[in-house]
Amino acid sequence: TIEQYRAADAAYRARLKKALPAVLVARARAACSDPLLLEQLVGLKRVLRSRSRAVSLRFVMQHFRNIVVGLCPCVLATPVAVAQRFAWDAVFDLAIFDEASQLDTAHAIGVLERSRQVIVAGDPQQLPPTSFFERQRFAESEGIIALDSLLLIGGESLLDDCLAVGLARVNLRWHYRSRHESLISFSNRRFYDGRLRTFPSP
């Protein structure tokens with residue numbers, strides 16, 4: 001039942017809260033046993049204590065990458081943040097793009113180049129990326145020409161390009177976001193050919 005699922009989910013989250021700190025502490029102890037990592041750890045502590053405004057996240061990741069990744073192996077960031085805050089030679093074991101139907105491929109190129117493996121998640125039924133809320137202008141020899149009339153036109157997304165080149169595809173059929181099944185039933189019939197498996201309303 002739904003109540004059993006909620007209880008199991010809450011119990012699992014409670015166990016994670018106790019297990020994750022122990023894992024991080026074990027990694028910190030392992031780092032202290034490695035002379036090179038210990039040197040980085042001491043340097044990182046010194047930088048954090050200094051509270052200098054001149055020290056950026058890019059500087060930290062460039063000079064103390066091994067110890068930071070050892071303690072925090074997962075990073076949540078936009079492609080733009082990755083370009084701004086990570087050194088050019090930073091490599092990711094796995095990059096996950098969520099809502100890839102809303103992301104221009106050009107913005108994702110940098111992360112794709114740095115990643116050994118990639119998971120691209122998105123819904124091709126959603127609208128393509130748009131720059132509607134941005135104001136873009138470019139200069140020509142005769143002056144500045146506004147492109148506002150072109151901003152309504154959506155471009156190809158990262159998801160579209162991945163589908164076009166034939167990358168392996170897996171359809172996720174469970175839908176769990178709607179408070180009531182009637183909110184998704186129309187879209188399920190008209191756009192997803194009834195393939196979505198929706199949870200019953202409580």
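Which residues is T105 in contact with, leaving aside its neighbours within four places in sequence? I looked this up first. The model is a predicted one. I found T105 in contact with E156, S157, L158 and D161. T105 lies in helix α6. I noted it as buried, because its relative accessibility is 18% and the cut-off for buried is under 20%.

Next I turned to the strands. Strand β1 (residues 92-97) pairs with strand β2 (residues 115-120) in the parallel sense, over 5 bridges. From β1 the chain passes through helix α6 (residues 105-114) to β2, and this β-α-β crossover is right-handed. I also saw that F97 stands opposite V120 in β2.

Then I searched for salt bridges. The whole structure has 5. One of them joins the side chains of R65 and D89, at 3.0 Å from N to O. R65 is in helix α4 (residues 65-71) and D89 is in the loop between α5 (79-85) and β1, so the pair ties together parts 24 residues apart in sequence. R65 is partly exposed at 24%, and D89 is partly exposed at 34%.

D93 sits in strand β1 and R116 in strand β2, 23 residues apart. D93 counts as exposed at 53%, and R116 is exposed at 59%.

My next entry is R195, which forms a salt bridge with D193 at 3.2 Å between the closest N and O atoms. R195 is partly exposed at 37%, whereas D193 is exposed at 60%.

Y12, L16 and L20 make a nonpolar patch of about 280 Å². I placed L20 in helix α1 (residues 2-32).

Note on methods. Residues numbered from 1 in each chain as written. Predicted model: local features only at pLDDT ≥ 70, side-chain atom pairs only at ≥ 80, totals over all residues. Heavy atoms only, no water. Pairing = 2+ DSSP bridges. Helix = DSSP H or I, 4+ residues; strand = E, 2+ residues; numbered from the N terminus. Right-handed = clockwise from strand over helix to strand, strands pointing away. Patch = residues over 30% accessible without salt bridge, like charges linked within 9 Å, V, L, I, M, F, W, Y side chains within 5 Å. Areas by Shrake-Rupley, 256 points an atom, 1.4 Å probe, with all protein chains shown as cover. Salt bridge = Lys/Arg side-chain N within 4 Å of Asp/Glu carboxyl O. Buried < 20%, exposed > 50% of the residue type's maximum accessible area, 1.4 Å probe, protein only. Contact = heavy atoms within 4.5 Å.
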